[in-house]
Amino acid sequence: MFVFNESKILIRENNINIKDIKNYDGQIINCSENLPNNWKNLPEWCDVKNINSGDEFIDLREIWHRFGYEIFARVGGAWQFANWFRNVKICSNCGSELTPSVKDYGRICKNCGRTFYAPLSPAVITAIEKDGKLLMAHNASWSNDRYSIIAGFVEPGEKLEQTVEREIIEEVGIKVKNIKYFGSQPWPFPNSLMFGFTAEWLSGEINPDGVEIVKAGWYTKEEIKNLNIPDGASIARRLIDNFVNTH
């Protein structure tokens with residue numbers, strides 16, 4: 001069982017799969033073991049507060065480095081459910097209590113009968129190539145030396161490829177062609193599903209929007225090796241590594 005305190009997870013003797021939560025001295029908010037039987041197919045979790053002084057909680061992002069991608073994905077999925085139960089307690093339509101469904105992974109309003117599901121926010125991320133170089137950009141919210149590729153959330157009514165085109169035009173002012181699907185990854189910060197793409201420059205000069213993106217440019221694979229780029233836990237790094245390894 002994974003034990004969460006906000007965005008951190010309990011670790012004991014280098015183990016995050018806690019066998020016995022019954023003797024936990026802190027305050028337990030929610031536990032998946034109290035949900036209907038149909039929920040038992042999901043990774044088990046508990047959400048706690050007022051943690052024990054001797055317990056060690058680590059950031060979820062550390063899971064990839066310590067335990068690998070498969071565990072990271074399981075922990076991320078469990079945390080998204082725990083986070084949903086923590087933050088959403090009543091029906092957004094009538095304000096009544098929600099109860100877990102016995103048919104699927106939804107929660108049903110006891111009063112009006114509406115069913116709600118854990119939020120999931122699809123987003124795209126794209127590696128853009130031009131003349132053997134990759135577009136790398138610096139986001140205004142990052143540390144001064146960090147660079148990555150262009151990403152953004154899908155808006156209602158958009159196909160994924162349309163989101164790719166729109167985000168790139170909005171953030172760096174260029175048009176792209178040959179948009180190709182690369183892969184996907186759940187990303188629980190807080191509830192994203194990332195869709196990775198590759199694309200080629202079509203027209204335009206790089207013009208950062210100055211709001212999200214403050215610096216951007218074309219980089220060779222040798223130059224990329226000297227940049228501070230995302231770590232191996234992210235699909236951003238997989239896309240960047242794919243460019244470096246194929247050029």
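**View 1. Strands E6 and E7 pair in the antiparallel sense over three bridges.** Strand E7 covers residues 107–109, where strands (E, at least two residues) are DSSP runs numbered from the N terminus and two strands pair if DSSP finds at least two bridges between them. Arg107 in E7 is the bridge partner of Pro100. This is a predicted model, in which local features need pLDDT of at least 70 and side-chain atom pairs count only at pLDDT 80 or more, while totals for chains, interfaces and linings use all residues. Residues are numbered from 1 along each chain as its sequence is written, and side-chain values use heavy atoms, with hydrogens and water left out.

**View 2. The open sheet has three strands in the order E6-E7-E8, with antiparallel pairing.** Its edge strands, E6 (98–100) and E8 (115–116), each pair on one side only.

**View 3. Cys31 and Cys46 form a disulfide.** Their sulfur atoms lie 1.4 Å apart, a disulfide being a pair of cysteine sulfur atoms within 2.5 Å. The link joins distant parts of the chain, 15 residues apart, with Cys31 in strand E3 (residues 27–31) and Cys46 in strand E4 (residues 45–49). With 75° about the S-S bond, the link is right-handed. Both Cys31 and Cys46 are buried, that is, under 20% relative accessible area, whereas exposed means over 50% and partly exposed in between (1.4 Å probe, protein chains only).

**View 4. The sulfur of Cys109 is too far for a bond to the closest cysteine sulfur, in Cys94.** The distance to the sulfur of Cys94 is 3.4 Å, and Cys109 is buried at a relative accessible area of 3%. Cys112 is likewise in no disulfide, the nearest cysteine sulfur, that of Cys109, being 3.6 Å away. Cys112 counts as partly exposed, at 33% relative accessibility.

How values were computed
Helices (H or I, at least four residues) and strands (E, at least two) are DSSP runs, numbered from the N terminus.
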